[in-house]
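Hi everyone, thanks for making time.

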Amino acid sequence: MTRRPAPRTVLGAFGVAALGDLLALLADFGPGHAVCKPLLMPLLAAYAALRNGPRLLIAALLFGWGGDTFLLFDAEPAFLAGMGSFAAGHVCYLVLFKRYGTRAPRARGTGLAAAYALALIGTVALLWPDLPSDMRGPVAGYSLLLTAMAFGATTLGPAAAAGGALFLLSDTVIATGVAEWPQLPRPDFAIMLTYIAAQLLLAEGVLTSHQHPAHGAYADQLRGARSSGAPGPGARAGRRTPHPTARTGRRTGPPAGT
């Protein structure tokens with residue numbers, strides 16, 4: 001029987017693909033970017049699967065792969081399809097945060113919500129006049145979903161919170177490119193660096209919360225199952241739940257997950 005690769009081996013392959021993609025961007029080597037970029041999320045999804053991660057996490061990462069692949073094509077329909085794929089991934093993340101997240105103290109939660117709401121309103125308001133008219137609606141709608149995901153990530157701890165914030169930053173850089181604002185040198189490198197880090201941190205945050213539940217709906221199910229003697233969530237055929245993470249193509253586009 002073929003042995004499954006170790007999770008660390010697959011994570012190492014992800015790191016190699018990420019390094020190759022970033023170096024290709026720095027060298028402006030398009031073929032290298034076209035090869036490495038589509039490898040990133042399937043490798044991270046495989047790592048999550050080998051860690052017995054929840055299916056929704058694997059789905060979120062594969063939706064990210066769909067967005068990455070669509071955005072390699074310099075055409076508006078492909079860009080919109082990529083945006084939609086990333087949006088579907090954000091929905092998966094939001095469900096995961098609700099399932100595994102913890103509730104912050106009211107004052108802290110209210111403060112974070114206000115900060116993310118102000119960031120959303122301010123960014124969209126500033127970009128709106130400079131966005132192409134046919135992209136304003138999609139960008140605003142996607143930005144709302146992205147900001148909700150970034151805020152929701154704060155319920156899984158510092159790593160996931162940083163991942164959500166980096167995802168937001170990555171897509172904001174893309175949005176400034178769509179609005180044709182002045183850009184720093186190599187914005188595609190900055191976009192991919194923050195995106196890769198964001199997906200890895202989000203995946204690790206979900207995996208940690210899944211395998212070491214403390215609060216949230218999943219933990220409530222576990223406690224209920226233990227008190228009744230019934231199998232807990234994830235138990236299958238005698239297996240026990242294990243105990244205690246521009247995206248752009250060659251163009252800059254709206255925040256569809258680079």
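Let's start here: which side chain meets Arg-51 in a salt bridge? The partner is Glu-204, with N and O 3.5 Å apart. By salt bridge I mean a side-chain nitrogen of Lys or Arg within 4 Å of a carboxyl oxygen of Asp or Glu.

A quick word on the source. This is a predicted model, where local features need pLDDT of at least 70, side-chain atom pairs count only at pLDDT 80 or more, and totals for chains, interfaces and linings use all residues. Residues are numbered from 1 along each chain as its sequence is written, and side-chain values use heavy atoms, leaving out hydrogens and water.

Back to the salt bridges: the count comes to two. Helices here are DSSP runs (H or I, at least four residues), numbered from the N terminus. Glu-204 is partly exposed, at 22% relative accessible area; the scale is buried under 20%, exposed over 50% and partly exposed in between, with a 1.4 Å probe and protein chains only.

Arg-186 and Asp-188 make a salt bridge too, with their closest N and O atoms 3.0 Å apart. Arg-186 is partly exposed at 30%, whereas Asp-188 is buried at 15%.

Now the rings. There are five aromatic pairs, meaning Phe, Tyr or Trp rings (the six-membered one for Trp) with centres within 6.5 Å; planes under 30 degrees apart are stacked, over 60 edge-to-face, and the rest tilted. One of them joins Phe-86 and Phe-167, whose centres are 6.5 Å apart with planes at 80°, so this pair is edge-to-face. Phe-86 is in helix H4 (residues 76–100) and Phe-167 in helix H7, so the pair ties together parts 81 residues apart in sequence. Phe-167 also pairs edge-to-face with Tyr-195, at 5.6 Å between centres and 85° between planes.

Last, the backbone. Most residues other than glycine have a negative phi. Asp-28, in the loop between helix H1 (7–26) and H2, has a positive phi of about 55°. Just after H7, Glu-180 takes a positive phi of about 60°, and Glu-180 is exposed at 71%.

Notes
Helices (H or I, at least four residues) and strands (E, at least two) are DSSP runs, numbered from the N terminus.
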